[in-house]
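Hi everyone, thanks for coming. I'd like to walk you through one structure today, so let me put it up on the screen.

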Amino acid sequence: MARAWHLKSRPSGMPNQENFDLKDVELPPLKDGQVHVRNLWLSVDPYMRGRMNDVKSYVPPFQVGEPLEGGAIGQVIESKADGLQAGDLVQHMSGWRDEAVLSAHAANKLPNLGFPPEQFLGVLGVTGATAYFGLLEVARAREGDIVFVSAAAGAVGSVVVQIAKAKGMTVIASAGGAEKCDWVRSLGADQVIDYKAAPILKGLAAAAPEGIDVYFDNVGGDHLDAAFALARNNARFAICGMIEGYNDPTPKSFKFIQRIIAARIMVKGFLVLDYYPRIADFYAEMGPWIAAGVVKSRETIVDGLDKVPDAFLGLFSGENTGKMLVRL
């Protein structure tokens with residue numbers, strides 16, 4: 001019998017174990033055009049918190065009493081679909097469970113690039129593509145820019161640091177705690193601010209006395225405020241995520257937001273889905289970087305389907321360094 005995590009109730013503020021329920025599920029008979037997949041790796045990501053609210057967004061909210069969804073890598077164990085056969089590894093969105101029956105259109109066969117499959121949930125997946133297109137296309141970062149990256153020890157932020165260095169930029173990064181800061185330095189960051197040791201505005205002012213050209217935002221709140229304060233003329237902000245407010249929707253005060261006008265700052269939110277028609281461009285540059293060691297991956301791995309909520313909740317308490325994954 002397959003098992004899947006269901007949304008038991010909608011969280012108010014920070015989710016907890018009571019919001020989730022692991023249930024047995026009976027898989028439907030396989031139809032033409034479908035595959036039966038056994039999952040090997042599951043991804044948990046901060047954006048999933050927003051889908052637990054009953055609000056309109058770019059993806060539908062999770063429904064109470066229904067299985068949760070998320071990125072996964074699985075192996076086809078039975079197929080009635082052209083182009084996929086037993087043994088193939090596929091990427092799909094039927095995560096938070098151990099097995100799934102899904103349309104072949106929803107299962108993308110992993111390209112044969114010679115990398116471990118779990119990396120297609122990290123540096124070679126949505127994580128890496130978000131960093132790549134967000135930095136280079138949305139923020140239009142270029143050689144010589146001074147780039148500030150928040151949550152730089154996280155999945156996306158750590159890849160942004162490495163891409164920026166590969167492209168000849170100066171990188172200022174923030175992370176929480178000495179151990180994470182040391183790791184971010186090892187990725188090539190020129191300056192690393194420990195936001196747990198001092199106010200981020202004070203740290204950024206010391207690290208970037210000449211100001212910043214680009215801000216890649218994963219945090220929002222005081223990090224975004226500090227970036228406004230230190231932005232140079234015609235700075236570009238790519239707004240990827242605002243994890244600081246995911247469990248606390250109370251608006252934060254931005255003391256320096258009016259600098260958007262005087263400094264002619266460009267602020268743009270983005271979704272990586274908009275860039276998927278160009279995923280081959282991403283593979284073509286990221287693959288050689290990884291092979292050459294220019295971009296390194298790091299995963300925080302939690303074992304077992306029963307630990308999926310623990311892994312997810314750990315994202316909001318800083319328990320991950322790099323990409324948080326669940327191994328089944």
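So, how many salt bridges does a search of the whole structure find? The search finds 12, and by salt bridge I mean a side-chain nitrogen of Lys or Arg within 4 Å of a carboxyl oxygen of Asp or Glu.

Quick housekeeping before the details. This is a predicted model, where local features need pLDDT of at least 70 and side-chain atom pairs count only at pLDDT 80 or more, while totals for chains, interfaces and linings use all residues. Residues are numbered from 1 along each chain as its sequence is written, and side-chain values use heavy atoms, with hydrogens and water left out.

Okay, let's start with E137. E137 makes a salt bridge with R278, and their closest N and O atoms are 3.1 Å apart. That pair links distant parts of the chain: E137 is in helix α2 (residues 126-138), and R278 is in the loop between β13 (266-269) and α8 (279-292), 141 residues apart. When I say helix or strand, I mean DSSP runs numbered from the N terminus: H or I with at least four residues for helices, E with at least two for strands.

R278 also meets D281 in a salt bridge, at 3.4 Å from N to O. Put together, E137, R278 and D281 are linked in a network of salt bridges.

Partly exposed sits between buried, under 20% relative accessible area, and exposed, over 50%, using a 1.4 Å probe and protein chains only.

Next pair: D303 and R327 meet in a salt bridge at 2.6 Å, N to O. D303 counts as partly exposed at 44%, and so does R327 at 34%.
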